[in-house]
Amino acid sequence: MSSSEDDEYVSDGSDGSDFGAKETSKKATKKTTNGKAKASGDKRLSVERIYQKKSQLEHILLRPDTYIGSVERETKQMWVFDEEKGMELRDISYVPGLYKIFDEVLVNAADNKQRDAKGMSCIRIDIDAEKNEIIIFNNGKGIPVIEHKDEKMFVPTLIFGHLLTSSNYDDDQKKVVGGRNGYGAKLCNIFSTRFKVETSCKEYKKAFCQVWTDNMKTTSEPKIFPAVGEDYTRITLV
């Protein structure tokens, strides 16, 4: 290809040639008579691709290790309970992040013992490996089934389906329960394909049921019905 005084090809330097030398490379940039450069085969990312803003939910899913630890399987020596041998130290293969989100719901159930020492007597865990389903049940005082006046939603919806909600923000009170940063069981909801909350509260004479799916992105309308029998809370996650 011949070049005239009006056309000049300037190398982008990718071929090792001196910048500014005349070049016929396909990756070259053509300088026109008006001084503007035309990019040929320029694969640089746009500003919009380089600098991105994510919602908090998107960030948790994109960078799970920041919130729940590693999501890679690893093997460690841990103390485990064996029905025949009792406590035994052995190698366990597990995913720390999965252990963390399970623990968040379990801590919630254990915390209820601090709030209702006399009424709570049971924490039951059912694991169905075929369905990939875990159910954590506790008796004792249920979650208040009442609409939050400021947030205009039921309290169970607020504490399980909205980030940065907590009952432990008052730093003037002595902490005897787990959790203080407003993530807790919401992380379990976010990393579940299906997350169901059921609770019954005699104090407000109501029972509650609500289901979230698709990593907490989709939620059903809460179902409210009369409380029957003793208080309880049941969390089902898949």
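## Second largest pocket, overall layout and selected residues

Met78, Trp79, Val80, Ile92, Ser93, Tyr94, Val95, Leu98, Tyr99, Phe102, Ile127 and Ile134 form the lining of the second largest pocket. A pocket, on a 1 Å grid over the protein atoms alone, is an open set of points where a 1.4 Å probe fits, with protein on both sides within 12 Å along at least five of seven lines; a lining residue has an atom within 4 Å of a point. The structure is a predicted model, in which local features need pLDDT of at least 70 and side-chain atom pairs count only at pLDDT 80 or more, whereas totals for chains, interfaces and linings use all residues. Residues are numbered from 1 along each chain as its sequence is written, and side-chain values use heavy atoms, with hydrogens and water left out.

The volume of this pocket is about 340 Å³, taken as the space filled by probe spheres set on grid points that are joined across faces, edges and corners. At least two lining residues come from each of strand 4 (74-82), strand 5 (86-94) and helix 4 (96-115). By class, eleven lining residues are nonpolar, one is polar and none is charged. In this scheme Ala, Val, Leu, Ile, Met, Phe, Trp, Tyr, Cys and Pro are nonpolar, Asp, Glu, Lys and Arg are charged, and the others, Gly among them, are polar.

The protein has six helices and 14 strands. These are DSSP runs numbered from the N terminus: H or I over at least four residues for helices, E over at least two for strands. Of its 238 residues, 32% are buried. Buried means under 20% relative accessible area, exposed means over 50%, and partly exposed lies in between, with a 1.4 Å probe and protein chains only. The accessible surface, from the Shrake-Rupley method with a 1.4 Å probe, comes to about 16300 Å², and carbon and sulfur atoms hold 50% of it. Among contacts (heavy atoms within 4.5 Å) with a separation of 6 or more, 47% join residues 24 or more positions apart.

Relative accessibility of selected residues:

| Residue | Relative accessibility | Class |
|---|---|---|
| Cys122 | 26% | partly exposed |
| Asp126 | 37% | partly exposed |
| Cys188 | 0% | buried |
| Ser200 | 1% | buried |
| Cys201 | 1% | buried |
| Lys205 | 65% | exposed |
| Asp214 | 41% | partly exposed |

No disulfide is found in a search of the whole structure, a disulfide being a pair of cysteine sulfur atoms within 2.5 Å. Cys188 sits in helix 6 (residues 185-190). Leaving aside neighbours within four places in sequence, Cys188 contacts Ile101, Val105, Phe195 and Leu237. Its C-alpha atom is 9.4 Å from that of Ile68, 120 residues apart along the chain.

Asp126 belongs to strand 6 (residues 123-128). Beyond four places in sequence, Asp126 contacts Glu133, Ile134 and Ile135. Thr236 is 110 residues from Asp126 in sequence, yet their C-alpha atoms are 9.4 Å apart.

Ser200 is part of strand 10 (residues 194-201). Not counting residues up to four places away, Ser200 touches Gly142, Lys206, Ala207, Ala227, Val228, Glu230, Asp231 and Tyr232.

Two loop residues have backbone angles to note. Lys205, in the loop between strand 10 and strand 11 (206-213), has a positive phi near 60° and is not a glycine. Asp214, in the loop between strand 11 and strand 12 (218-219), is likewise not a glycine and has a positive phi of about 55°. Most residues other than glycine have a negative phi.
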